[in-house]
Amino acid sequence: MKIVFAGTPDFAVAPLKNIIESGYEVVGVITQQDKPQGRKAIITPPPVKIFALEKGIAVLQPEKIRDQIDEVKALGGDILVTCAYGQILTQSVLDCFPKGVWNIHAGLLPKYRGASPIQSCIVNGEKTTGVCIMKTELGLDCGDILCVAETPIAETETYGELSDRLSKIGAELIVEALKKIESGKYALIPQSEEGVQVVRKINKEHAKIDFNRPVNELLNLIRGMNPAPVAHAILGENKLNIYRAERAVLTDEERTAFEEASIGEVLSDKPKRGLLVKCSDGAIKLTEVQMAGGKRMSGGDIINGRKAQKGQVFTC
């Protein structure tokens, strides 16, 4: 069974690697085009392309895959495995592969269809997530499911940490799925039409911190935006990126300040106590932060450097 693999980011590298190491023949890789990265906008190839070239695998980088059907057919694949590829496939693409197109989806279906299942499940406070291997059909993540692996989400787990774990889970699950597909002995489970939720791509606007929200919601948002696009708020004239936080346990002195403070106000000027901020239902302690253009540091270091002072108020 000859496999073509379509994927782009780091998340997709582990599944591709495990498919190869499990003895399957990968005859080609399809990925997004090289793009500028970083402040200097250096043109950078996708991680999947880098890995594929290291393994001597042919790589296609169509601007629109539907416009290069002949090149896709020429790869000679029996099956297409997709993983965070980044383009919607047309029927003309699906028709290229006699054994079907199968997607590694990093979320539980049908609740988390769409572009941001990992981030969205954290932001929404879910306790469990998983990976689904789904047969791709026209439409957004609506195909029948071949197999599922569920996993709990740790209370402090970030988007980056959970993404790494799900990538490894997906790597194991796709090989299990390929064995079933190769044997022809498998049963597909149709997705329920109840509980369908489509989660859109996350951007910087979604990462703004509003301290009028409850502490738990803010903690989930901060975890779900770490490492990108990064939760942030404005303190004075400075943007503060917030990577990690926890619910604050206040001293008697801080409780008094809390009662008199405005939402978003810094409650302490003691570096050892850290950067404490009033929210709608309590206080949050910002434990890992970064001023614009600076390095990551503790909230206490921000207080110590007098870049945040008691009585200052954060804005969105």
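User: Where is the place of Pro227?

Analyst: Pro227 sits in the loop between α7 (215-224) and β12 (231-235). Helices (H or I, at least four residues) and strands (E, at least two) are DSSP runs, numbered from the N terminus. Before we go on, this is a predicted model, in which local features need pLDDT of at least 70 and side-chain atom pairs count only at pLDDT 80 or more, while totals for chains, interfaces and linings use all residues. Residues are numbered from 1 along each chain as its sequence is written, and side-chain values use heavy atoms, with hydrogens and water left out.

User: Which residues does a cis peptide bond join there, and what is omega?

Analyst: The general idea first: most residues other than glycine have a negative phi, and most peptide bonds are trans. Here, Asn226 and Pro227 are joined by a cis peptide bond with omega at about 20°. The bond from Ala228 to Pro229 is also cis, with omega near 5°, and Pro229 belongs to the loop between α7 and β12.

User: What is phi of Val230?

Analyst: Val230, a residue other than glycine, has a positive phi near 80°. Val230 is in the loop between α7 and β12. Its relative accessible area of 7% makes Val230 buried (buried means under 20% relative accessible area, exposed over 50%, partly exposed in between, with a 1.4 Å probe and protein chains only). Another case is Asp141, whose phi is positive at about 50° although Asp141 is not a glycine. Asp141 lies in the loop between β9 and β10 and counts as buried at 12% relative accessibility.

User: Let's turn to helices. At what angle do α1 and α6 pack, and how far apart are their axes?

Analyst: Two packed helices are described by the angle between their axes and the distance between the axes. Axes are lines fitted to C-alpha atoms, for helices over the stretch in contact, and angles run from 0 to 180 degrees between N-to-C directions. For α1 (residues 13-21) and α6 (residues 159-183), the angle is about 40° and the axes are 8 Å apart. The two helices are therefore oblique to each other; angles under 35 degrees count as roughly parallel, over 145 as roughly antiparallel, 65 to 115 as roughly perpendicular and the rest as oblique.

User: Which residues make the contact?

Analyst: From α1 come Ala14, Pro15, Asn18 and Ile19, and from α6 come Ser167, Gly170, Ala171, Glu172, Ile174, Val175 and Leu178 (contact means heavy atoms within 4.5 Å). Seven of the residues in this contact of α1 with α6 are nonpolar, three are polar and one is charged. Ala, Val, Leu, Ile, Met, Phe, Trp, Tyr, Cys and Pro count as nonpolar, Asp, Glu, Lys and Arg as charged, and the others, Gly among them, as polar.

User: And how do α1 and α2 pack?

Analyst: α1 and α2 (residues 47-54) meet at an angle of about 25°, with axes 9 Å apart, and are therefore roughly parallel to each other. In α1, Val13, Leu16, Lys17 and Ile20 meet Pro47, Val48 and Phe51 of α2. This contact of α1 with α2 has six nonpolar, no polar and one charged residues.

User: Which residues of α1 are buried?

Analyst: They are Val13, Pro15, Leu16, Asn18 and Ile19. These buried residues of α1 pack against β1, β2, α2, β6, β7 and α6. After α1 comes Gly23, with a positive phi near 95°.

User: What is the order of the open sheet?

Analyst: Two strands pair if DSSP finds at least two bridges between them. Here, seven strands run in the order β5-β2-β1-β6-β7-β9-β10, with mixed pairing. β5 (59-60) and β10 (145-152) are at the edges with a single partner strand each, so one side of each has no neighbour in the sheet. α6 packs on this sheet, touching β1, β6 (79-83), β7 (101-105), β9 (128-135) and β10, and its direction makes about 150° with that of β10. Within the sheet, β1 (residues 2-7) and β2 (residues 25-30) pair in the parallel sense over five bridges; Ile3 has Val26 of β2 as its bridge partner.

User: Is Cys132 buried or exposed?

Analyst: Cys132 counts as buried, at 1% relative accessibility. Cys132 is part of strand β9. Leaving aside neighbours within four places in sequence, Cys132 contacts several residues, including Asn103, His105, Leu108, Ile145 and Cys147.
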